[in-house]
Amino acid sequence: MSKPSVLFVCVHNAGRSQMAAGWLRHLAGDRVEVRSAGSEPGRTINPAAVEAMAEVGIDITGQTPKKLEWETAESSDVIITMGCGDACPIFPGKRYEDWRLEDPAGQGVESVRPIRDEIRTRIEKLLTELVPAT
């Protein structure tokens, strides 16, 4: 059986989706293929998101915002949207989740920490569904 692929999508691919991808990579290791993209990608990762993730030992500094490509979405098993609205493509047979999370854009690390922690909780639940314990 091939490993599941998860695509996290938000508008700028600079905060929420990058933190979610960082958590899933950290918690799943090589058991899940992790992707992230944005409908209107920013130029850089949100520095407060980078700092908040570094506080829990996860380095997302090597990531860059990426444009949401049709092929990436089409080849993903699970698509998790975080405020990208109508820009997110819909493919029959895909598992979709819409995570309503506060946007960390323009906020300091104090405001980003609760978003980071909420994302971790959701990632832990998702991981138990994608890769059941053996």
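Two strands are taken to pair if DSSP finds at least two bridges between them, and strands (E, at least two residues) and helices (H or I, at least four) are DSSP runs numbered from the N terminus. With that in hand, the bridge partner of F8 in β3 is I80. The coordinates come from a predicted model, in which local features need pLDDT of at least 70 and side-chain atom pairs count only at pLDDT 80 or more, while totals for chains, interfaces and linings use all residues. Residues are numbered from 1 along each chain as its sequence is written, and side-chain values use heavy atoms, with hydrogens and water left out.

On the pLDDT scale (the predictor's confidence in each residue, from 0 to 100), the chain has a mean of 92, and 93% of its residues reach 70 or more. Helix α2 has the highest confidence, at 98, and helix α3 (residues 70-74) the lowest, at a mean of 89.

Six of the six residues of β1 are buried, so the strand is largely enclosed by the rest of the structure. S5, L7 and V9 point one way from β1, whereas V6, F8 and C10 point the other way. On one side of the pairing, β1 and β2 are joined in the parallel sense over six bridges, with V6 standing opposite V34 in β2. The chain passes from β1 through α1 to β2 in a right-handed β-α-β crossover (with the strands pointing away from the viewer, the path from the first strand over the helix to the second runs clockwise). Strand β3 (residues 78-81) also runs parallel to β1, through four bridges.

Helix α1 (residues 16-28) has 13 residues and reaches 18 Å from its first C-alpha to its last, close to the 18 Å expected at 1.5 Å a residue; the expected span is 1.5 Å times one less than the number of residues. Because 10 of its 13 residues are buried, α1 is largely enclosed by the rest of the structure. Among the buried residues are M19, W23 and L24, and the buried set packs against β1, β2, α2 (47-55) and α4 (109-130). G29, which follows α1, has a positive phi near 60 degrees.

A nonpolar core is a set of buried Ala, Val, Leu, Ile, Met, Phe, Trp, Tyr and Cys residues joined through side-chain atoms within 4.5 Å. The largest such core holds 33 residues, of which V6, F8, L24 and V32 touch the most other members. β1, α1, α2, β3 and α4 each supply at least two residues of this core, and α4 gives the most, with eight. Contact means heavy atoms within 4.5 Å; leaving aside neighbours within four places in sequence, the contacts of V6 include L24, V32, V34, I80 and L126.

N13, in the loop between β1 and α1, is buried with a relative accessible area of 0%. Most residues other than glycine have a negative phi, yet N13 has a positive phi of about 50 degrees although it is not a glycine. D103 lies in the loop between β4 (95-98) and α4 and counts as partly exposed at 36% relative accessibility. D103 and G15 are 88 residues apart in sequence and 7.6 Å apart in space, C-alpha to C-alpha.

How values were computed:
Buried means under 20% relative accessible area, exposed over 50%, partly exposed in between (1.4 Å probe, protein chains only).
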